[in-house]
Amino acid sequence: MEVEIICQLLLAIFLGALIGLEREYKGKEAGLQTYSLVALGSCLFTIISFKLFKFFLNNPEVSFDPARIIQAIAVGIGFIGAGVIFRQDSSVIGLTTAAGLWSTAAIGIAIGARFYLLASFVTFLSILILAGFGLLEEKFLRKNK
């Protein structure tokens, strides 16, 4: 059982790092370390919430719902995301970073909940969006900057 938890945490770091590498490549402030830590932290919180749920399951005096922890992760990552969004001249920067961190937290939650294939697929989709759609925007949608 502990080996599975260690593997979950390592997978969270790895998948978060894949997204973080794309951000590093684009020279963004939040990169490899940030994305890895977001995935790791959300995975750990999720694992702990499920363990606590099982621990308190047969105790009628304690009301415990793991969904509350997952909700808290989503809200908490929102605060981090808000901290990376800035208005600069006539544009807003950091929105993609905030959305990426939010998605990476969800990937960590999925790993903590043992949805490994889902987490891997969403990681692939996230990289596709960040790298692939970024190229499309740059090539076809943005006028000469």
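**Labels and cut-offs**

Tutor: Start with L128, which is found in helix 5. Helices are DSSP runs of H or I with at least four residues, numbered from the N terminus. The model is predicted: local features need pLDDT of at least 70, side-chain atom pairs count only at pLDDT 80 or more, and totals for chains, interfaces and linings use all residues. Residues are numbered from 1 along each chain as its sequence is written, and side-chain values use heavy atoms, leaving out hydrogens and water.

Student: Why is L128 called partly exposed?

Tutor: Its relative accessible area is 40%. Buried means under 20%, exposed over 50%, and partly exposed in between (1.4 Å probe, protein chains only). So 40% makes L128 partly exposed.

Student: What makes T104 count as buried?

Tutor: T104 has 0% relative accessibility, so it counts as buried. T104 lies in helix 4 (residues 95–112).

Student: Which residues is T104 in contact with, leaving aside its neighbours within four places in sequence?

Tutor: They are G16, I19, Y35, V38, A39 and S42. Contact means heavy atoms within 4.5 Å. Of these, G16 and I19 are among the buried residues of helix 1.

Student: What do the buried residues of helix 1 pack against?

Tutor: They pack against helix 2 (32–56), helix 4 and helix 5 (116–141).

Notes. Helices (H or I, at least four residues) and strands (E, at least two) are DSSP runs, numbered from the N terminus.
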